[in-house]
Amino acid sequence: MTKSELVTVQESPGKGRGVFAARDIFAGTVISVAHAIPFPTDALDGTPIEGHQFDYEQDDQDCIVLGVQQLINHADAPNCRCVWEVVDGQRMHKVFTVRDIKAGEELTIDYEVPLWFEPAPEVAVT
C-alpha cells in the first residue's frame with residue numbers, strides 16, 4: 001500500500017480542509033516524507049499563503065513543505081508528529097502517527113508556535 005492510499009483530503013468541520021485516515025493506521029506509520037523550499041523568515045507576510053510555512057529549524061529561515069502535511073490541522077493533543085530528516089543528502093520533512101488512528105479520523109499535528117487563530121473544537125471520531 002502506498003502512503004497516498006493511507007489518507008484522504010476532505011472538509012474538516014470548522015477548519016476548512018483537513019487530512020483524514022482512509023483506513024485504520026497503526027502508531028509509527030509514516031504518512032509523508034516531503035521536500036521543503038526554504039526562504040527567509042517573514043517572507044510570506046502579507047501573501048495568500050501566510051501562515052502555511054513551517055519552521056525550517058535553521059536561523060532566519062522558514063519553508064513551504066511540498067507534502068500532504070500542508071493540509072494537516074493543529075491539535076493540542078495531536079495524533080501525528082513532524083520531524084526533519086536527511087534523505088539522500090536532502091533535508092526532508094516527515095510526518096508519522098504517534099498512536100493508532102481509526103479510519104475516518106482526522107490527522108493532526110501540534111504547530112508548535114503561538115496560534116494566530118482560535119482553534120476549532122476537537123470532533124470525536126465515531
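The charged end of R91 lies over the ring of Y56, 4.7 Å from its centre, in a predicted model. The charged end of R91 also sits over the ring of W84, 4.8 Å from the centre of that ring. A charge is taken to sit over a ring if NZ of Lys or CZ of Arg is within 6 Å of the ring centre and within 35 degrees of the ring normal.

A search of the whole structure finds one aromatic pair. Y56 and W84 form this pair, which is edge-to-face, with 5.1 Å centre to centre and 80 degrees between the planes. The pair links distant parts of the chain, with Y56 in the loop between β4 and β5 and W84 in strand β7, 28 residues apart. Rings of Phe, Tyr and Trp (its six-membered ring) pair if their centres lie within 6.5 Å; planes under 30 degrees apart count as stacked, over 60 as edge-to-face and the rest as tilted. Y56 counts as buried because its relative accessibility is 9%. W84 is likewise buried, with a relative accessible area of 16%. Buried means under 20% relative accessible area, exposed over 50%, and partly exposed in between (1.4 Å probe, protein chains only).

Residues are numbered from 1 along each chain as its sequence is written. In this predicted model, local features need pLDDT of at least 70 and side-chain atom pairs count only at pLDDT 80 or more, whereas totals for chains, interfaces and linings use all residues; side-chain values use heavy atoms, with hydrogens and water left out.

The chain contains nine strands and zero helices. Helices (H or I, at least four residues) and strands (E, at least two) are DSSP runs, numbered from the N terminus. Of the 126 residues in the chain, 35% are buried. The accessible surface of the chain comes to about 7,600 Å², and 51% of this belongs to carbon and sulfur atoms; accessible areas come from the Shrake-Rupley method with a 1.4 Å probe, and for residues only the protein chains shown count as cover. Among contacts between residues at least 6 apart in sequence, 61% join residues at least 24 apart, where contact means heavy atoms within 4.5 Å.

Five strands form an open sheet in the order β4-β5-β3-β8-β7, with antiparallel pairing. Its edge strands are β4 (54–55) and β7 (80–87), each of which pairs on one side only. Two strands are said to pair if DSSP finds at least two bridges between them. Strands β3 (residues 30–40) and β5 (residues 61–65) are antiparallel and pair over five bridges, and P40 stands opposite Q61 in β5. Strands β4 and β5 also run antiparallel and are joined by two bridges, with F54 opposite C63 in β5. These two strands form a hairpin with five residues between them, and E57 in the turn has a positive phi of about 60 degrees.

A further antiparallel pairing joins β1 (residues 7–12) to β2 through six bridges. The bridge partner of V7 in β2 is A21. Three residues lie between β1 and β2 in their hairpin, where G14 in the turn has a positive phi of about 75 degrees.

The largest nonpolar core has 19 residues, of which V7, I25, I31, C63, V65 and L107 touch the most other members. Strands β2 (16–21), β3, β5 and β7 each supply at least two residues of this core, and the largest share, three residues, comes from β3. A nonpolar core is a set of buried Ala, Val, Leu, Ile, Met, Phe, Trp, Tyr and Cys residues joined through side-chain atoms within 4.5 Å.

Strand β5 is mostly covered, as four of its five residues are buried. I64 has its place in strand β5 and is buried, with a relative accessible area of 17%. Leaving aside neighbours within four places in sequence, I64 is in contact with H35, A36, I37, F39, L44, I49, H52, Q53 and Q70. The C-alpha atoms of I64 and F39 are separated by 8.3 Å, and these residues are 25 apart along the chain.
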